[in-house]
Amino acid sequence: MCIFCKIIAGEIPSNKVLENEEFLAFNDINPIAPVHILVIPKIHIKSLNEVDNETIVKITEFIKEVAKKAGIFEDGYRVITNIGENGGQEVPHLHFHILGGTKLAWPKLG
Ligand code: 5GP
Ligand code: ZN
């Protein structure tokens, strides 16, 4: 079982922000912004490459709910999903980083 599936199963504790039947939002253990929340599907999907369209539509709505709950919806925020090795994906379970709470830099990467 992957580390995020263990969080969903309650085997690893997490600081939950919001959840529904299909998705879970929790604080990143190593935040890189004042607000750094991870949103994951409760079923194991490896990455954006494997996800179906219906889930993308639903998770987008959920992400917006999370941003509202975190108080960053109006001021703006960033949503990132890393895919595979070159994308820097460390946990092989689809997740969206929600970053906000400050004006985020747009770094030159690579
Ligand atoms: P990735 O590099 O795969 O896009 O992002 C993985 C993220 O998961 C990282 O930001 C990392 O800090 C976070 N993370 C890894 N393990 C845990 C954990 O056990 N709990 C929480 N809350 N976050 C984790
Ligand atoms: Zn998983």
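Which residue in S3 does Leu 24 stand opposite? Leu 24 stands opposite Ile 40. The points below start from the sheet and then move to single residues and the zinc site.

1. Basis. This is a predicted model, in which local features need pLDDT of at least 70, side-chain atom pairs count only at pLDDT 80 or more, and totals for chains, interfaces and linings use all residues. Residues are numbered from 1 along each chain as its sequence is written, chains are lettered from A and ligands numbered from 1 in the order in which they are written, and side-chain values use heavy atoms, with hydrogens and water left out.

2. The sheet. Five strands form an open sheet in the order S1-S2-S3-S5-S4, and the pairing is antiparallel. Strand S1 (16-19) and strand S4 (77-80) stand at the edges, each with a single partner strand, so one side of each has no neighbour in the sheet. The twist averages 20 degrees from one strand to the next. Axes here are lines fitted to C-alpha atoms (for helices over the stretch in contact), and angles run from 0 to 180 degrees between N-to-C directions. Strands are DSSP runs of E with at least two residues, helices are runs of H or I with at least four, and both are numbered from the N terminus. Two strands pair if DSSP finds at least two bridges between them.

3. Bridges. S1 and strand S2 (residues 23-27) run antiparallel and are joined by 3 bridges. Leu 18 has Ala 25 in S2 as its bridge partner. S2 and S3 pair antiparallel over 5 bridges. S3 and S5 are also antiparallel, joined by 5 bridges. Val 39 has Phe 96 in S5 as its bridge partner.

4. Strand S3. 7 of the 7 residues of S3 are buried, so the rest of the structure largely encloses this strand. Buried means under 20% relative accessible area, exposed means over 50%, and partly exposed lies in between (1.4 Å probe, protein chains only). In a regular strand the side chains alternate between the two faces of the sheet. In S3 both faces are covered. Val 35, Ile 37, Val 39 and Pro 41 are buried on one side, and His 36, Leu 38 and Ile 40 are buried on the other.

5. Ala 25 and Phe 62. Ala 25 sits in strand S2. Its relative accessible area is 0%, so Ala 25 counts as buried. Not counting residues up to four places away in sequence, Ala 25 touches residues including Leu 18, Val 39, Phe 62 and Val 66. Contact means heavy atoms within 4.5 Å. Phe 62 is in helix H2 and is buried at 2% relative accessibility.

6. His 97. His 97 lies in strand S5 (residues 96-100). His 97 is buried, at 14% relative accessible area. The side chains of His 97 and His 36 make a polar contact at 2.8 Å. A polar contact is a pair of N or O atoms within 3.5 Å; within protein, one must be able to donate a hydrogen and the other to accept it, and residues adjacent in sequence count only if both atoms are side-chain atoms. Leaving aside neighbours within four places in sequence, His 97 is in contact with residues including Asp 28, Arg 78 and Asn 82.

7. Ser 47. Ser 47 is in the loop between S3 and H2. Ser 47 is buried, with a relative accessible area of 5%. The Ser 47 side chain reaches the backbone nitrogen of Asn 49 at 3.0 Å. Not counting residues up to four places away in sequence, Ser 47 touches Ile 83, Gln 89 and Leu 94.

8. The zinc site. Which residues are the protein donors of the zinc ion (ligand 2)? The donors are Cys 2 (SG), Cys 5 (SG), His 44 (ND1) and His 93 (ND1), lying 2.1 to 2.3 Å from the ion. Donors are N, O and S atoms within 2.8 Å of the metal (3.2 Å for Na, K and Ca); water is not among the atoms, so sites may look incomplete. Angles among the 4 donor atoms are 102 to 120 degrees, and the site is tetrahedral. Four donors count as tetrahedral if all angles lie between 85 and 135 degrees.

9. Donor spacing. In sequence the donor residues of the zinc ion (ligand 2) are spaced C-x2-C-x38-H-x48-H. Cys 2, in the segment before helix H1 (3-9), and His 44, in the loop between strand S3 (35-41) and helix H2 (53-69), are 42 residues apart and link distant parts of the chain. Cys 2 is buried at 14% relative accessibility, whereas His 44 is partly exposed at 44%.

How values were computed: Four donors count as tetrahedral if all angles lie between 85 and 135 degrees; four count as square planar and six as octahedral if opposite donors are over 155 degrees apart and all others between 65 and 115; anything else is irregular.
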